[in-house]
Amino acid sequence: MTILRHRLFWPAAVLVVLLISNLVFSDNFFTIRLQDGHLYGSLIDILRRSAPLVLVALGMTLVIATGGIDLSVGSVMAISGALACLLIGDLSNPDALGPVLLVVGAAIALCLVAGLWNGFLVAVLGIQPIIATLILMVAGRGVAQLITGGQILNVHSAPYRVIGAGYFLALPVSFLIATAAVALTVALTRRTALGLLLESVGGSPTASRLAGIRSRRITIMVYVFAAGFAGVAGLIYSSDVSSADSNAAGNLIELNAILAVVLGGTALTGGRFSIAGSVLGAVVITTLDITAVSVGVPVETTLLFKAVVVIILCLAQSATFRAKVFGRFSAERADVQRADVQRADVQTADVQRSDVERSDVPG
Amino acid sequence: MAEQAVLRMTGIKKIFPGVVALDGVDFRLLPGEIHALMGENGAGKSTLIKVLTGVYGIDGGEIHLGGEPVLFAGPLQAQQAGISTVYQEVNLCPNLSVAENIFIGREPRKFGRIHWSEMRGRAADLLARLDLDLDVSAQLDSYSLAIQQMVAIARAIDIQARVLILDEPTSSLDASEVEQLFAVMRRLKDDGVAILFVSHFLDQVYEIADRMTVLRNGGLIGEFTTAELPQMQLVAKMIGKELAALEQIEGQARDATVNERGTPIIEARGLGRAGSIAPFNLTIHAGEVVGLAGLLGSGRTELARLLFGADRADEGELLVDGRKKTIKAPRDAMSKGIAFSPENRRTEGIIGELTVRENIILALQAARGWTRPIPRRRQDELVDKYVKALQIRPAEPERQVRDLSGGNQQKVLLARWLLVEPRLLIIDEPTRGIDVGAKAEIQRLVAQLADGGMAVLFVSAELEEVLRLSHKIEVLRDRRLVEELENGDDVDADRIMRTIAGGVTS
């Protein structure tokens with residue numbers, strides 16, 4: 001029963017349930033075919049379509065670890081796609097690799113500047129992160145519109161299309177990009193001391209400063225990081241549809257990303273963070289979107305369906321809730337209640353500890 | 001006699017994963033007595049209180065309140081049964097008003113809505129009982145920590161309490177405020193309230209308590225009448241050995257003379273910050289322990305923070321090794337070999353959710369920068385060394401630091417700074433709220449460090465401690481450094497007290 005205590009057990013369980021329920025509705029859900037040297041199938045599709053959310057969730061995880069939040073990631077995605085498509089449209093030969101790479105670099109650079117702006121507002125001017133990033137969330141789409149001149153820009157560039165829709169070694173390039181980003185983030189936070197310092201700043205900014213940590217620099221860094229990853233996600237999205245749509249790109253992705261981070265076990269109050277958790281959270285959310293379509297949930301109720309599953313998952317993750325529901329069948333009810341109070345008292349502490357004995361009660 | 005006990009706990013047992021926190025403890029409280037619960041940190045005092053107030057369940061034993069067996073499912077139930085608690089750390093909402101804090105959760109109502117005027121009126125009456133004249137609609141954090149503590153007590157006594165538990169209520173109060181609190185306690189005692197009092201200040205315990213129960217390592221040592229247990233014997237019972245160690249330091253540090261005066265490590269010339277501390281001159285040499293004495297709020301902490309760059313000075317200059325330096329931030333100070341362990345260890349010192357290991361290496365890691373992580377094996381070596389050297393308990397580096405007792409958290413902080421091998425260590429109230437044994441260990445450590453050539457600026461509200469350790473004592477009053485005393489036979493607590501009180505003109 002120890003596995004039940006693991007932070008990622010419930011998100012993983014929901015993922016499995018979603019995948020199995022897909023099987024019921026489409027027999028060949030787990031089939032993976034190799035065609036023209038590319039892997040195809042629903043599972044591959046999930047990996048491919050998770051990529052932008054995984055990227056955005058990675059940045060969001062680090063921002064949240066410092067106790068902040070970044071609402072502007074969706075707008076940054078729009079900006080990145082808009083600039084890339086505008087510049088590619090101006091290229092004399094949009095199929096040449098070199099110029100396209102330059103364009104991609106320029107788009108990401110602009111996003112890094114956007115991240116610097118967010119970091120400046122939060123760390124230097126001391127504006128609350130939710131407000132500071134709200135500015136760019138609102139203004140960013142305007143900037144993107146400005147870049148595209150209010151149009152949806154369509155582009156035809158083979159190299160550009162590879163980012164979002166291409167394959168390499170039989171795997172979707174977007175999936176490979178996301179995998180590389182995850183590896184980079186893990187290396188950056190756990191192979192260096194950055195992760196520790198981040199958690200320290202998120203855990204207590206005052207104590208961190210007195211311990212000599214340059215919290216301002218670290219804070220700016222995570223916002224730049226988040227915007228950079230959002231920029232790459234924007235390129236994937238825009239490349240996949242071969243156009244820049246300033247309104248649709250990254251719409252509401254900030255909320256999905258926050259949800260992914262929270263499902264993955266990182267608290268919004270900052271401090272300890274889990275990259276694996278956020279990645280799992282992002283995959284769960286994407287699978288949920290795909291499942292809604294494949295099981296035939298009517299389009300108008302898709303969001304409702306999603307909400308219901310998320311609520312169930314959150315309740316399953318809540319130790320207090322499980323104790324309440326399952327405690328009813330327990331003879332030692334008083335024990336459970338007492339444990340509840342204790343837990344409420346040390347909310348932030350390791351709440352899972354006293355769960356073991358309770359988890360086997362319902363059976 | 002035993003039958004009259006308002007509260008009786010028998011054979012209480014509480015087990016945490018891996019630890020027996022309480023092992024068959026008996027405890028009783030008589031109406032109209034002040035009963036001190038004594039023991040070192042980790043002896044089980046806090047656990048016993050939490051069991052009593054329903055925060056924790058028990059794994060064995062019985063609790064009787066007024067003769068009835070009780071089992072509280074939570075603090076609220078305990079409160080309703082007449083057991084009120086004021087915890088060590090002020091447990092109020094700083095952003096709410098004084099009146100709201102007193103009545104939170106049980107606001108007087110009228111037609112289902114909060115009856116604000118009655119609430120404010122009753123709050124003012126209550127505070128008047130404590131001889132406090134506050135604006136009850138002012139936000140709580142506009143008052144000092146001491147006043148906030150009094151508000152917490154006001155809140156506790158308003159709930160018609162049969163049993164009032166005061167867990168380290170005096171640790172942030174100055175002498176006159178302690179007297180004020182004691183007056184209130186005596187009045188409540190005369191009203192028949194049973195008061196459970198926990199304090200590390202033995203003098204206070206002897207002043208106020210009628211009886212005491214001593215715990216050690218989760219076990220019951222005994223119940224005593226205060227008048228019949230001399231202070232030294234009490235200490236011996238608490239730590240389980242004689243306190244020769246403490247006395248040893250005494251002679252030692254005082255006799256040690258700092259010979260080579262030479263260039264001071266640090267010299268402040270007219271350093272000051274408006275509204276915080278008046279300009280002061282101060283020199284600290286290698287191997288010297290400089291004590292800062294003064295009342296709460298006299299500017300001790302402010303002076304220390306200025307030297308470390310935690311606050312920025314707005315006038316004067318600071319010389320390090322005789323050369324002028326600007327220290328604008330803690331990092332600047334660290335790069336010049338200055339370390340600072342702050343007064344408020346829970347909010348400014350430790351980072352609760354990180355482990356003991358991570359907390360210990362934090363300052364060293366910060367100094368190296370994030371790109372140069374300390375290899376894990378090196379971390380483990382360092383942490384292991386200091387956990388052993390400072391006897392940090394439990395000796396589990398991967399445990400969250402917030403699970404440790406106050407004394408051990410303080411040791412973690414000291415370890416953090418010793419790791420960076422500072423030349424000047426500033427420690428602000430390192431022994432506040434920690435037990436006698438740990439206190440002696442920390443004092444011994446300070447003496448040792450100074451012997452090894454480190455300069456120490458030691459801030460403490462306890463004069464005995466300052467006298468015992470310091471070569472030189474700086475006395476502060478009203479945010480001004482008023483006198484510098486070379487420690488010697490002619491200097492004693494009385495002498496310093498007079499300066500603090502303003503009776504000596506120098």
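B:Glu179 has its place in helix α6 (residues 175-190) of chain B, where helices (H or I, at least four residues) and strands (E, at least two) are DSSP runs numbered from the N terminus. With 12 C-beta neighbours inside 10 Å, B:Glu179 counts as exposed; a residue is buried if 20 or more other C-beta atoms lie within 10 Å of its own, exposed if 12 or fewer, and partly exposed in between, with C-beta atoms placed from the backbone. Between B:Glu179 and B:His115 there are 64 residues in sequence and 34 Å in space, C-alpha to C-alpha.

This is a predicted model, in which local features need pLDDT of at least 70 and side-chain atom pairs count only at pLDDT 80 or more, while totals for chains, interfaces and linings use all residues. Residues are numbered from 1 along each chain as its sequence is written, and chains are lettered from A and ligands numbered from 1 in the order in which they are written.

**The two chains**

Chain B contains 18 helices and 22 strands, whereas the secondary structure of chain A comes to 17 helices and 6 strands. The radius of gyration of chain B is 24 Å, close to the 23 Å that the globule rule gives for 506 residues, so chain B is as compact as a globular protein of that length; the radius is taken over C-alpha atoms, and the rule is 2.2 Å times the number of residues to the power 0.38. Along the principal axes, the C-alpha atoms of chain B fill a box of roughly 70 × 50 × 50 Å. Of the 506 residues of chain B, 51% count as buried, and in chain A buried residues make up 47% of the 363 residues.

Two residues are in contact if their C-beta atoms, placed from the backbone, lie within 7 Å. Among contacts between residues at least 6 apart in sequence, 69% of those in chain B join residues at least 24 apart, and for chain A the share is 77%.

**Where the chains meet**

The contact takes 31 residues from chain B and 29 residues from chain A. On the side of chain B that touches chain A, α11 (330-335), α12 (345-349) and α13 (356-368) each supply at least two residues, and α13(B) gives the most, with 6 residues. By class, that side of chain B has 18 nonpolar, 8 polar and 5 charged residues, where Ala, Val, Leu, Ile, Met, Phe, Trp, Tyr, Cys and Pro count as nonpolar, Asp, Glu, Lys and Arg as charged, and the others, Gly among them, as polar.

Two packed helices are described by the angle between their axes and the distance between the axes. Axes here are lines fitted to C-alpha atoms, for helices over the stretch in contact, and angles run from 0 to 180 degrees between N-to-C directions.

The axes of helix α3 (residues 42-65) of chain A and helix α8 (residues 173-191) of chain A come within 8 Å and cross at roughly 30 degrees. That makes α3(A) roughly parallel to α8(A), since angles under 35 degrees count as roughly parallel, over 145 as roughly antiparallel, 65 to 115 as roughly perpendicular and the rest as oblique. The contact of α3(A) with α8(A) has 10 nonpolar, 3 polar and 1 charged residues.

Helix α4 (residues 73-90) of chain A and helix α5 (residues 97-124) of chain A pack at an angle of about 150 degrees, with their axes 9 Å apart; α4(A) and α5(A) are therefore roughly antiparallel to each other. Their contact has 15 nonpolar, 1 polar and no charged residues, including A:Leu83 and A:Leu87 of α4(A) and A:Val104 and A:Cys111 of α5(A).

**Backbone exceptions**

Most residues other than glycine have a negative phi, and most peptide bonds are trans.

| Residue | Phi | C-beta neighbours inside 10 Å |
|---|---|---|
| A:Leu169 | about 55 degrees | 9, exposed |
| B:Glu168 | about 50 degrees | 21, buried |

A:Leu169 lies in the loop between β4 (167-168) and β5 (171-172) of chain A, and B:Glu168 is found in the loop between β9 (163-167) and α6 of chain B. The peptide bond from B:Arg393 to B:Pro394 is cis, with omega near -5 degrees, and B:Pro394 has its place in the loop between α14 (376-389) and α15 (406-419) of chain B.
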